Amino acid sequence: MLLAEVEIRHSRPVAPTRRVALGLSVLPTEPNQWGPVLLGALVAANAPDLDTDSMIDLLELIDDLEDGVSITQPRLRHRFQQDVIGLDRSVHALHSDGDVISFDLDDHALPEVNVLGAVYAAGNLPVQHRTFAFRCIRKALLWKATIDVAFVSFLMGDESAFNRWFVMPTETQAAMRLLGYGPDDRPDPIEIKDRFRERVWAAHPDRGGDAEEMMALSRAKRLLLDAG
């Protein structure tokens, strides 16, 4: 039984330009959240292959899409468009056979293509389901094991560490310390974004860091920017 499916259209390997678009998809959010789960699986399977600059861009793109702001192009070196004429096709699906859930992820496209398709598809979901979808995507960035039923349980779990809205002063102080600010610093948005890029660059796994540290930095940046 098909639970969810997403079609990503993209430039062919021999094409001189890098384009990505969304095709026909089935991404249910009610009564079950199989659509966001499939998008999370796409991110978990492909994000580990992104380089540092692409990972930084991805974290910022996720924030922008969840907030519904206008997205500058290109992102992750690909331009998002509506026209699908002449583009190649990758289809990813989530199936069930009785109680058994399985993912069928097409791997012939670049990792950037699959990740972009997933986050843009999440941004197209109804606004009342968008927060959960991006929560799944953020959690998927931390997954390091096989994408199976345990992965589904991980995404579906209600973990407060992935709540993007922090209001307690202690959380603000922790975010300031994580980005290297002292209690008397009053960084403006540009400074916060610059400091975030510096710290997340150093935290990339290629430089001895890990995905959890990168996600913590991303949450700290969001907290400070939201606090104004």
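Glu7 is buried, with 12% relative accessible area. In this predicted model, that residue sits in strand β1, which spans residues 2-10.

**Around Glu7**

The Glu7 side chain meets the side chain of Arg89 in a salt bridge, with N to O at 2.7 Å. This pair links distant parts of the chain: Arg89 belongs to strand β4 and Glu7 to strand β1, 82 residues apart. Arg89 counts as partly exposed because its relative accessibility is 41%. Beyond its neighbours within four places in sequence, Glu7 also touches other residues, including Leu22, Leu24, Ser90 and Val91.

**Strand pairing**

Strand β1 pairs with β2 (residues 19-22) in the antiparallel sense, over 3 bridges. Ile8 stands opposite Leu22 of β2. Strand β2 also pairs with β3 (residues 79-80), here in the parallel sense and over 2 bridges. Val20 has Phe80 in β3 as its bridge partner.

Ile85 lies in the loop between β3 and β4 (88-97). Its relative accessibility is 72%, so Ile85 counts as exposed. Ile85 and His10 are 75 residues apart in sequence, and their C-alpha atoms are 9.9 Å apart in space.

**Salt bridges**

The whole structure holds 13 salt bridges. Three of them are tabulated here.

| Pair | N to O distance |
|---|---|
| Arg89 and Glu7 | 2.7 Å |
| Glu60 and Arg197 | 3.5 Å |
| Asp67 and Arg222 | 2.6 Å |

Glu60 lies in helix α2 (residues 52-67) and Arg197 in helix α7 (residues 189-202), so the pair ties together parts 137 residues apart in sequence. Glu60 counts as buried at 16% relative accessibility. Arg197 is partly exposed, at 36% relative accessible area.

Asp67 and Arg222 also meet through their side chains. Arg222 counts as buried at 10% relative accessibility, while Asp67 counts as partly exposed at 37%. Salt bridges that share partners join Asp63, Glu66, Asp67, Arg138, Lys221, Arg222 and Asp226 into one network.

**Confidence**

The chain averages a pLDDT of 89, and 93% of the residues score at least 70. Residues 160-168 fall below 50; that stretch has 16 contacts in the model beyond near neighbours in sequence. Where pLDDT is low, the predicted coordinates should not be read in detail.

Terms used:
Residues are numbered from 1 along each chain as its sequence is written. This is a predicted model: local features need pLDDT of at least 70, side-chain atom pairs count only at pLDDT 80 or more; totals for chains, interfaces and linings use all residues. Side-chain values use heavy atoms; hydrogens and water are left out. Helices (H or I, at least four residues) and strands (E, at least two) are DSSP runs, numbered from the N terminus. Contact means heavy atoms within 4.5 Å. Two strands pair if DSSP finds at least two bridges between them. Buried means under 20% relative accessible area, exposed over 50%, partly exposed in between (1.4 Å probe, protein chains only). pLDDT is the predictor's confidence in each residue, from 0 to 100. A salt bridge is a side-chain nitrogen of Lys or Arg within 4 Å of a carboxyl oxygen of Asp or Glu.
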